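Hello,

Here is the structure we talked about. Please have it open while you read the notes below.

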Amino acid sequence: MTDLTLGQPPVHAALDFFDDQHPPAGDFLRDVLTGLAATPKSIPPVYFYDAAGSALFDQITDLPEYYVTRTELALLDRIGPELAKRAGPGAVVIEPGSGSSVKIRKLLSALDQPAGYVGLDISGEHLIASCDELARDYPGLHIGAICADFTTGLSLDHLPLPKGRRILFFPGSTIGNFEPDAARAVLASFRKGMREGDAILIGADRVKSPQTLEAAYDDAQGVTAAFNMNLIARINSELDGTLDPALLKHVSVWNAEKSRIEMHLEAREAQQLQVAGRSFSLAKGERLHTENSHKFTPESFQALAESAGFDLLESWSDPAELFSLHWLEPKAKA
Ligand code: AVJ
């Protein structure tokens, strides 16, 4: 059951609707225990983003080595008129995993009289705050918010959306966090919620020199290391863990075979650790795998899009070809 909460506490007069789909909270304890018992050991990257982790991620986006965010922002500025032409007037922009309000503002400002915006995020509080701010700055734009987990698909049919063509906005190379099969599944599930003529504007980071990539995920100021280590702080404080951050080292490695940057926490020496009363051991040099960030070539991204049921109509890149934005439309149904 979804409940359409209009004007219930807290009151959001600025929003056309707030649709709480009650996404199940991730089970941090279960996932950490499972990951530590596995070989190789791993922790899912969704747990990076508590308040401290989100603040560290914001700092990452400003680092000299982390070209991703500033490159995508500059690209959005440059291609704004082309996006306006592609989208046409009266579009309804839907943003799964709405994160940076800077990016959505650039898109909304570039488009030709957009009719609506719908933010969708797993964290309702954060979502409402950012949609409220958008509503203040874009009067006349119909704005709604959906609290849901986008990885399980988009359910939009019951919502009072303006009529226009729907444009899904999925920037940041978030798609790169998923392994190929899961990335295909995410895109295919987006497609299920789309009608003919709707489109996705999606950001995807590109393959480039391993040195550039490894530096982007292991910066000189140690902000990315702190972001990675934040997982350890969370395990210690929330799951009664005994991990010693001084015994772990942040590493970023380019995995050429899988075309991805991997982040790990590597044991500087052999150690025992406890989480919620359970014991685990790490051998010297053993790693906890904490994130994958897949990088694409124009060909590999096109193959992914097509395998998920989309045609790739256009791609744009910055002059140094660091990052791309792609325009996808559902393949005509046979
Ligand atoms: C938010 C998944 C796009 O993979 O570049 C940045 C996360 N991790 N630095 C990325 C991240 C370390 C980021 N994404």
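The protein splits into domain 1 (2-24 + 73-208 + 297-330) and domain 2 (28-63 + 219-294); these bounds come from an automatic or database domain assignment. This is a predicted model: local features need pLDDT of at least 70, side-chain atom pairs count only at pLDDT 80 or more, and totals for chains, interfaces and linings use all residues. Residues are numbered from 1 along each chain as its sequence is written, and side-chain values use heavy atoms, with hydrogens and water left out.

The C-alpha centres of the two domains are 29 Å apart. Eight residues of domain 1 and seven residues of domain 2 make the contact (heavy atoms within 4.5 Å). About 570 Å² is buried between the domains, 37% of it on carbon and sulfur atoms. Buried area here is the accessible area (1.4 Å probe) that two parts lose on being put together, summed over both. On the domain 1 side, Gly 176, Asn 177 and Glu 179 lose the most area, together 63% of what that side buries.

One salt bridge is counted between the domains (a side-chain nitrogen of Lys or Arg within 4 Å of a carboxyl oxygen of Asp or Glu). Glu 179 and Arg 260 form a salt bridge through their side chains, at 3.6 Å, N to O.

Now the ligand. A polar side-chain atom of Tyr 66 sits 2.5 Å from a ligand oxygen atom.

Best wishes

Technical notes
A polar contact is a pair of N or O atoms within 3.5 Å; within protein, one must be able to donate a hydrogen and the other to accept it, and residues adjacent in sequence count only if both atoms are side-chain atoms.
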